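Visitor: I'd like a close look at one part of this model, the place where the two chains meet. Could you walk me through it, and then show me a bit of what lies elsewhere?

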Amino acid sequence: MRIAVCAPQVPFIRGGAEIVGDDLVEELRKRGHETELVTVPFKWYPGERVLTQAFLWRLLDLEEADGAPIDLVIATKFPSYAVRHSNKVVWLLHQFRQAYELDRTDLGQFDESPEQRAVRRGVHQLDRLSLGEAKKLFAISQNVADRLERSTGLVPEVLPPPPQELPYYCDKYGDFVLSVGRIDRAKRVELLLEALAADTSLRCVIAGEGPDRERLEQLARQRGLDGRARFTGRVSEEELADLYASCLAVYYAPVDEDFGLVPYEAFLAEKPVVTTTDAGGPLEVVRDHSTGLVVEPTATALAEACTWLAGHLDSAREWGRAGKLEAERLSWDHTIERLLV
Amino acid sequence: MKVAYYSPLPPERSGIADYSALLLPALARRIEVAVARRGSRRAPRGADLALYHVGNDPEHHWWIVEALRKRPGVVVLHDFVLHHLVAGMTLGRNEGNGYLDAMQREAGAVGRMLAHGVIDGLLPPVWEHRAHEFPLTGEVLPFASGVIVHSRYAERRVREHGYAGPVWRIPHPAWPAPADLPAADLPSGRFVIGAFGHLNRAKRLPQLLEAFALVRERVPEALLLLVGPLAPGLEPELPEGAIHHGYVDEQRLWSLLAAADVSVSLRWPTMGETSGVVVRALSLGKPLVVSDVGWFADLPDELAVKVPVGGAEVEVLADTLAGLARDPARRQAMGTAAHALAEGEHELERVAEAYTAALEEAAGGEALRDAVTAEVAAAAAETGLRPGGEGLGEIAERLREVGGGR
């Protein structure tokens, strides 16, 4: 089959969505499908640009390429699913969240002017049209599925993406909590730093890059964390696997996250995950006292959880291994079988 | 965003006043709402948009239409047929020429001649029996920057009328059924068929009474409960087993509705309206029997039996009611479906959210369309695409899908 996997590209930014897109292409190719990743750069501000950029996708003609038909389009996230195709499947990573649950929050983008409100409604209309015309609709998590149903009435099948392939292993339950991912406000790394400030016995490593890094490094200095919080920047796959292998646990508590690959990656290294009650998608896989700890989103509660784990390594090991069993259940065979049904 | 809100409000006795009383608090939780005072000539200050609730009753809506004509805005069209309203705002003020002109706009020379006949007393008033043939909705629609309707039927009529602006279909919000209703004090052990609201020919009262007499032959325990004031000149002889209450207050209405085993809402002609009584019956989970016309025909079959108007209407109605009397399981299933509809698409917060979406689209929509179109048009021109070319045709179509273009 000739398949176009559609995903927007934000130049110079790479995160979980990009990993899922690349992995999907690779896995489809492994199974003999002629597959191409189709991307268009995406900029969602200012004002109505979010719609003019979506319009670019709407105008694309992916019915065929160089005279040969494209049999299937798999679109992933906004605005790539605006693409028109007679056999369009959407595997929804997320909608344009600023137009939905992030509206009127610190993470929103639309002000109260009639023009901005109308742009937001324009995104809603486009979603109803472009998602409604998909032949099949999948969501990467129940959280994303619920949001979609609330906003459009469409009910997708939940199909989580398998974690990226890394040389995962478990070396020890060390003396630091690991945070992995793009460093922006929504990932809430700040809470981890505040937990370190609340308990001087804790240490953390923050792996990743992002626009909030400078502010967080300054915060770490202000809180006098004195080297207990280490920012590594972007790391190689091997370095990341080593960090997973030697940490005590993995902290992952974005605000109402779509899904998050990080918990599964932690599990594959047999590490428990500490998250918060408002984290969204991660709560579908991180179960309190089963595969990790789920705490209130306060520095004190987080600090207590991490300290408790440091004193109960047997539990950390047991929960990490339980998580691993869950993570191993996700397979690309199953995912691709569903996407191509 | 601030919206100037024009509507009759309690204590005015009007279904639309009740509607707004229900909707306003939920809407005000989402957007800033400035309620216009009845009869006020001045629009609330600083509003980005005006919202006008328009119904067919001139007493409640004349000032709203006057305000609309001064400042176009979004119209909530509660009735599609506005003949009464227009007649009241013209003939009711001794402005015969206004009525003549409106009828001419509606139906050309024939309309004008008909209006002359009415004014001269040579013909019966059009609004009494033929309003649906001359809806006069064109007296309002040209001033609407967008239209909100409650039903597919009204949406279809608005489009058939040639209205090209945005139309939003937003269901009538459902009142939550009150808890702890006092007993209705009806005779016990009866199969209660309820008909509520103003009782007139358009509610098919003669047909209902005739059908009920047939029902009684097969279901002796049937009781017909008529609730609402009788239209002037209508003095029906009630068959045995029928009782009539005139105007009742809201709580009593709920009690009597709750006591009914089935709620009957017949209609012809229809003005394209929704029925507040039917919406209340949905909240109470009552099986419905309705005429197969207008908004009533849009109701899902699982909860409403639809009776065709004319022909064997009386017999079908009698068969339907007798059948429901003997089939409590079906009534139960219909009631469950009715309640689910009230809690689904008629749920107040959902309706308020749909209003907010419509108003936000209306307030900023034009500026958005201009901005999107300008950016794309500039790119198209720089690419060498020229007006009239095939490429621009497709661009225009795709643009509409993302909220640009016209």
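**Where the chains meet**

Guide: Chain A puts 21 residues into the contact, and chain B puts in 21 residues as well. Keep in mind that this is a predicted model. On the side of chain A that touches chain B, α2 (49-59) and α3 (114-132) each bring at least two residues.

Now for a strand elsewhere in chain A. Strand β9 (residues 177-180) sends A:V177 and A:S179 one way and A:L178 and A:V180 the other, and all of them are buried. β9(A) runs parallel to strand β10 (residues 204-207) of chain A, paired with it over 4 bridges, and A:V180 sits opposite A:A207 of β10(A). To get from β9(A) to β10(A), the chain passes through helix α5 (residues 189-198), in a right-handed β-α-β crossover. β9(A) is also joined to strand β12 (residues 249-251) of chain A by 3 bridges, again in parallel; here A:L178 has A:V250 as its bridge partner.

Over in chain B, the division is into domain 1 (2-169), domain 2 (191-343) and domain 3 (357-401). The centres of domain 2 and domain 3 of chain B are 50 Å apart, taken over C-alpha atoms. B:E315 counts as partly exposed because 13 other C-beta atoms lie within 10 Å.

How values were computed: Residues are numbered from 1 along each chain as its sequence is written. Chains are lettered from A and ligands numbered from 1 in the order in which they are written. This is a predicted model: local features need pLDDT of at least 70, side-chain atom pairs count only at pLDDT 80 or more; totals for chains, interfaces and linings use all residues. Domain bounds come from an automatic or database domain assignment. Two residues are in contact if their C-beta atoms, placed from the backbone, lie within 7 Å. A residue is buried if 20 or more other C-beta atoms lie within 10 Å of its own, exposed if 12 or fewer, and partly exposed in between; C-beta atoms are placed from the backbone. Two strands pair if DSSP finds at least two bridges between them. A crossover is right-handed if, with the strands pointing away from the viewer, the path from the first strand over the helix to the second runs clockwise.
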